[in-house]
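Here are my notes on the model you asked about.

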Amino acid sequence: MTLASPKLEPALPSATGPLSSTVLDLLACRPPQRAFSLVALPVAEVDPYGLDLHLALYICYEMHYRGFAGVDPRWEWNPELLALRSQLEDVFLEAVRLDVGEIAADEHAEAEMDALCVEPVDGTGPSYYLRDEGTWEQMREYFAHRSLYHLKEGDPHAWVIPRLTGQAKASFVAIEFDEYGGGHGDRVHQQLFADLMDAAGLDASYLGYLDAVPAESLAVVNLMSMFGLHRELRAAAIGHFAATEITSPPGSRRLVEALQRMDAPDACVHFYAEHVEADAVHEQVVRVDVVADLVAAEPHLDRDVVFGIRARDLVEDRLAAHMMGCWADGRSSLRRPLS
Ligand SMILES: [Fe+2]
Ligand SMILES: [Fe+2]
């Protein structure tokens, strides 16, 4: 079996505008130990879904995961960087709240999850397109977009563990145990995805495509990190997690079919086949034992779960529209096309 080994600390990406260059300039220095100056970012006119904002935010969040090679790890809790991060988060979260819209008092997580279980007969989007007519090159681009998440799969949601109690906590951890390979390093889903990347002739290293993916792919992961890192948003993180598990089996099945049609390497098929099976079980556990238990214990969190589900939909739809738009125009959906 291939055991592609993702590098531990990734390299810093290149700046794409004033926001990301401010963050990168800061990280190039040693963190000040006592002095604290507040840097005001030019966020007034910024696109809340734009590349510069999402790259800057991604870099800030990454300090809580693996950090970057050559960057002082003490930046993680530096108040100057945290103050920058919160300015970026405010812009993003406000836009997401606005676009998700009001959640009515009679809208509940249970009905929202039921709706997610119903697959549209005439579905559209990358997994349908790749199954029916997409090329292997487009599939490889899809892998590159998804590598940001799958190479840290499980991690953004794991921040929620200390913020849960009782059955919800026990069942959440049971699902995460599977994501983390059930005690086997070679079965950690992050590793399975690294094996997929390797088999597809792509860079399997952690954040290997940070400089290549568009804002839409960064926003997908930034949303999870934001939900996971804020206790206030823990129910949104659970909603996001539930939606991920519920929608995974049918989407993964389409990708298995796509990869079989393309005669792709076994490691590529294996990653998605694993998710068809495992997530069918996870779907039930997350609905009944995680979400229902959490909402029964803390009913005021019900609407936040709904918000998390709808916010995920929003950023996933933006990424899907980006890929489909680029492919319809016959161009690469990456900032740096694959060689
Ligand atoms: Fe997984
Ligand atoms: Fe899962």
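1. From the N terminus on, the elements run α-α-α-α-α-α-α-α-α-α-α-α-α. That is 13 helices and 0 strands, where helices (H or I, at least four residues) and strands (E, at least two) are DSSP runs numbered from the N terminus. The radius of gyration of the chain is 20 Å, close to the 20 Å that the globule rule gives for 339 residues, so the chain is as compact as a globular protein of that length. The radius is taken over C-alpha atoms, and the rule is 2.2 Å times the number of residues to the power 0.38.

2. This is a predicted model, in which local features need pLDDT of at least 70 and side-chain atom pairs count only at pLDDT 80 or more, while totals for chains, interfaces and linings use all residues. Residues are numbered from 1 along each chain as its sequence is written, chains are lettered from A and ligands numbered from 1 in the order in which they are written, and side-chain values use heavy atoms, with hydrogens and water left out.

3. The C-alpha trace spans about 55 × 50 × 40 Å along its principal axes. Of the 339 residues, 55% are buried; buried means under 20% relative accessible area, exposed over 50%, and partly exposed in between (1.4 Å probe, protein chains only). Among contacts with a separation of 6 or more, 83% come from residues 24 or more positions apart, a contact being heavy atoms within 4.5 Å.

4. Which residues hold the iron ion (ligand 1)? Its protein donors are Glu153 (OE), Glu179 (OE), His189 (ND1) and His275 (NE2), at 1.7 to 2.1 Å. Donors are N, O and S atoms within 2.8 Å of the metal (3.2 Å for Na, K and Ca); water is not among the atoms, so sites may look incomplete. The donor residues follow the spacing E-x25-E-x9-H-x85-H in sequence. The pair of glutamate 153, in the loop between helix H6 (136–150) and helix H7 (155–158), and histidine 275, in helix H12 (residues 266–297), links parts of the chain 122 residues apart. Glutamate 153 is buried at 3% relative accessible area, and histidine 275 is buried at 4%.

5. The iron ion (ligand 2) is coordinated at 1.9 to 2.7 Å by Glu179 (OE), Glu245 (OE), Glu245 (OE), Asp279 (OD) and His282 (ND1). Along the chain these donors are spaced E-x65-E-x33-D-x2-H. Glutamate 179 lies in helix H8 (residues 166–179) and histidine 282 in helix H12, so this pair ties together parts 103 residues apart in sequence. Both are buried: glutamate 179 has a relative accessible area of 3%, histidine 282 one of 2%.

6. What bridges the iron ion (ligand 2) and the iron ion (ligand 1)? Glutamate 179 does, and the two ions lie 4.3 Å apart.

7. Leucine 207 has a positive phi of about 60 degrees; leucine 207 sits in the loop between helix H9 (189–199) and helix H10 (215–229) and is buried, at 7% relative accessible area. Aspartate 263 also has a positive phi, near 60 degrees. Aspartate 263 is in the loop between helix H11 (234–261) and H12, and is exposed at 68%.
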